[in-house]
Amino acid sequence: MNKLNDQQLMIQKATISILFTLLVVAGYSQQQELKLWYNKPAVKWTDALPIGNGRLGAMIFGGLEKDRIQFNEETLWTGEPRDYHRKGAHKYLPVLRQLVAEGKQDEAEKLAEEHFMGLKSNEGKRDEWIKDMAALKGLKGNPALPGFDDSKWKEILVPTYEGWETVGYEGLDGALWFRTTFELPGAWKGKNLVLDLNRIRDQDYTYVNGKLVGQKSGGDARRYTIPADVLTTGKNTIAVQVLNFFDKGGIAGYKDTSRHIGIYPAGDEKSKLSLVKNWKFFVQNDNPPPVARFQADYQPFGDVYLNFAGVANATNYKRELDLNNAVVRTSYTLDGVDYTREYFASQPNQVIVIHVKANKAGKVNFDALLNSPHKLSSTKKIDDQTLGLNVQVRNGALKGESQMQVVTTKGTARVEGDKIVVRDADEVTLYIAAGTSFKNYKSVTANPSAIVKRSLQTMKGKNYEQVKAAHTNEYQKYFNTFSINFGKSTKDNIPTDVRLQQFASSSDPDFVALYTQYGRYLLISSSRPGTRPANLQGIWNDLLTPPWGSKYTTNINAEMNYWPAELLNLSPLHEPFFKMVEELAEAGRQTAKEHYNTKGWVLHHNTDLWRGTAPINASNHGIWVTGGAWVSQHLWEHYLFTQDKEFLRNKAYPIMKQSALFFNDFLVKDPKTGWLISTPSNSPEHGGLVAGPTMDHQIIRSLFKAVAEASEILNTDKELRTTLAQKAQQLAPNQIGKHGQLQEWLQDVDDPNNKHRHVSHLWAVYPGNEINFDANEKMMKAARQSLLYRGDAATGWSLGWKINLWARFKDGDHAYKLIQMLLSPADRGGAGSYTNLFDAHPPFQIDGNFGGAAGVGELLVQSHTQYIDLLPALPSALKTGEVKGIRARGGFELNLTWSNGKLQHAELLSNAGNDAVLRYAGKTVTFKTEKGKTYKLNSSLEVL
Ligand code: FUC
């Protein structure tokens, strides 16, 4: 073969390979299945599939005989509008600063605990209630006594390791009695015994044969001595009065369930007689006084149950969530008839829709119930086709109302008692509307009935197909702005739960694409313009006392929820977050004034529906001052991506400026170094109350820089610009410590073996941009070293953060390893993903879904320096693929295709007409762009 032929051959090969890539890629776009699917119904809540329209959310179980649709409305929370700040707390600021400067952390935290934390809600009259319970109020007879007749009491298996809530008593707090008996072994006669119940939530009075043998409150072990003279030959009676004020209740036994509660002779635990068995129990009082709380909890609203009779022998069962149209479907075959149920949450009509049909006439039969876990709730008939549900939260001001309306084709559907009875129909549609009395964070005067009526009215004259088409159109407006493919999947035919189990050990790049799109789906479903932003669980919560209140944690989690918004082309969905920031900026003024005596506004590490901004929980982590600055950064990022100057002028800048004004007043000079520092504060949830955590300075520097830049763009506040620029210079810099690490604190005290989940001092790598390979390679390497010390294993959101960090460190393979960890089954108890691909902290917390999705985007395009980097951290596992609609700062949108790890083709849409600076594989091109124009580039970055 001569040279020319060789070249020709190469060109031919290259052309074939490009054509092949284009064909394959074009093929993916059409065929891409974007479904989560299963061949069995959900058992656990985290098996169920989520739907949502930003305001209403629901989890679909798809049970054959009993289908459950657990739903939420985003404004149903405990609590009420109130002041959260502590008046005059700032008087303690100088002494707190002094104490942390002197390294007297314990003293500082103790003082802060007493005088510097925000205010809790009012505590009820606990002592009075306890006295009443002790006086056996509401009881006939005394259950402590052996002769008491408990024959009418119910039974419960004791212990309930995770609280009695988990065995059918959700929402139950109060005073309960538990009774059981045991036979005294002959050999134990005359001996003192030990009754070991270990953990009881919250307080107990424990009796043996009517004699009080112990009482305790809190988490201490219950190991009570029973004097020999209390015991009798034969049968002995144990009676425990348990008082539970809030959250999990009951005799909880041992966390390690292989250890048993029981009774044994003192000093001889080995011969313990197990008391793990059914005990008798009785609710003496289920209305304990309210518990004082720093912030409120997001609440479940209700449940729809659909009961289908005689379906146990169904075949072909399948349930699925189709991300392309945001519809969940359950299908099965029975006696030759195909049945389908479809469920979606419509934004245009503000209802949850359930549609049941069969492919033969008159075959749809079921009963539909509407109820709620709230104690104060009731179901009633509204009219022949409509059931109504009223709820009132305990410990709060809000009321909610819901209605479920039925529409049938043929057959009958009527309200009978507390259910809708459907018989012999061809097709049935249920519309569920809900609203609450929440008007805004200062008022609870909205009218839930009016909201419900309005929703139901929008459907008048429309059939199911029309409602569904309107839903799909509206949803796809967001969803279709972006697509991602990593090659045709060979795993579409495997149920998602099995695919999840296999992911880490198999090659399934398409699963990463599905996961990324699922992240976008979850954001669309929990955060539509005009709604509240996604909270710790998005919009999905079935618990009255959810983990961390299912609120907004602002030292990482709330922000992480919005990491995909700009990058993955869902910019309009950032709006609810901005609205919250606007409200926080308002509420946080008071907190700034009362706690710090400064101008501007401050937000600490949590907020809730009522926009609490003061420090909560405990002084060792609740006093962290840069929440406001971090959430403000999102406004600036929105501007960077969209180049929307009106937004910058009217929305973003005023809030960013006020946040900067807070820090302008707040920062103090460190006597030792002369730097400006943030004190007192905390490196989120790590290391207690300190002076000058690195993260704070990174965030504040970034804010000052953004405000200065924005003021220049808007041509305003020249003086402030100069001040902030100067102060940014004086702020304590990032420092490299003795282990080659980026220091987390002012002092070089990092422990390289520390595996804490928060990686706060890496903020300037991601989501910030101060530390990067272009600007400061040495510091970037130190940051990388810090991350290596922290290790890979982490909670769900921490994995999500680390994926983004490894992307910024341009190490796609390391990022991919963490993607595999995030996409590993969590049902074994660790971090990862549940069956429905919800992120597991554990427990469920949605931030990891969003952090993970953003991280995948960050592997493909980065724009946080002056360059738009194409495929900056492509993992070898994702070596062929295509992304469309991914966005870059400067107002750009990109489509990229790559094959065998090499860029093949790029398209750049310029939305703002800025100059484009693209970089790929060490090569940079710069060119002018025109607004609205698309530029095509080849694999060598030549504009075609
Ligand atoms: C922060 C984290 C926890 C959890 C909570 C909601 O406090 O440190 O891990 O994610 O938020």
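A charge is said to sit over a ring if NZ of Lys or CZ of Arg is within 6 Å of the ring centre and within 35 degrees of the ring normal. Arg 919 does this with Tyr 867, lying over the ring face at 3.7 Å from its centre. Lys 66 lies over the face of Tyr 305, here at 5.3 Å from the ring centre. The model is a predicted one, in which local features need pLDDT of at least 70 and side-chain atom pairs count only at pLDDT 80 or more, while totals for chains, interfaces and linings use all residues. Residues are numbered from 1 along each chain as its sequence is written, and side-chain values use heavy atoms, with hydrogens and water left out.

Next come the rings themselves. A pair of aromatic rings is described by the distance of the centres and the angle of the planes. Rings of Phe, Tyr and Trp (its six-membered ring) pair if their centres lie within 6.5 Å; planes under 30 degrees apart count as stacked, over 60 as edge-to-face and the rest as tilted. Counted this way, there are 39 aromatic pairs. One of them is the tilted pair of Tyr 562 and Phe 577, with 4.9 Å from centre to centre and 35° between the planes. Helices (H or I, at least four residues) and strands (E, at least two) are DSSP runs, numbered from the N terminus. Both Tyr 562 and Phe 577 are buried, where buried means under 20% relative accessible area, exposed over 50%, and partly exposed in between (1.4 Å probe, protein chains only). Elsewhere, ring pairs join Phe 116, Tyr 596, Phe 662, Phe 663 and Phe 666 into a cluster.

On to the ligand. A side-chain N or O atom of Glu 685 sits 2.4 Å from an oxygen atom of the ligand. For His 758, the distance from a side-chain N or O atom to a ligand oxygen is 2.6 Å, and a polar side-chain atom of His 841 is also 2.6 Å from an oxygen atom of the ligand. The protein covers 96% of the 290 Å² of accessible area that the ligand has on its own; accessible areas come from the Shrake-Rupley method with a 1.4 Å probe, and for residues only the protein chains shown count as cover.

Gln 845 counts as buried because its relative accessibility is 3%. Its side chain makes a polar contact of 2.5 Å with the side chain of Asp 847. A polar contact is a pair of N or O atoms within 3.5 Å; within protein, one must be able to donate a hydrogen and the other to accept it, and residues adjacent in sequence count only if both atoms are side-chain atoms.

Asp 196 belongs to strand E7 (residues 193-201) and has a relative accessible area of 0%, so it is buried. Its side chain reaches the backbone nitrogen of Asn 198 at 3.1 Å and contacts the side chain of Tyr 254 at 2.7 Å.

Finally, the backbone. Most residues other than glycine have a negative phi, and most peptide bonds are trans. The bond from Arg 201 to Asp 202 is cis, with omega near -10°, and Asp 202 is in the loop between E7 and strand E8 (203-208). The bond from Thr 679 to Pro 680 is cis too, with omega near -5°. Arg 611, not a glycine, has a positive phi near 60°, and Leu 837 has one of about 65°. Leu 837 is in the loop between strand E35 (832-833) and E36, and counts as buried because its relative accessibility is 0%.
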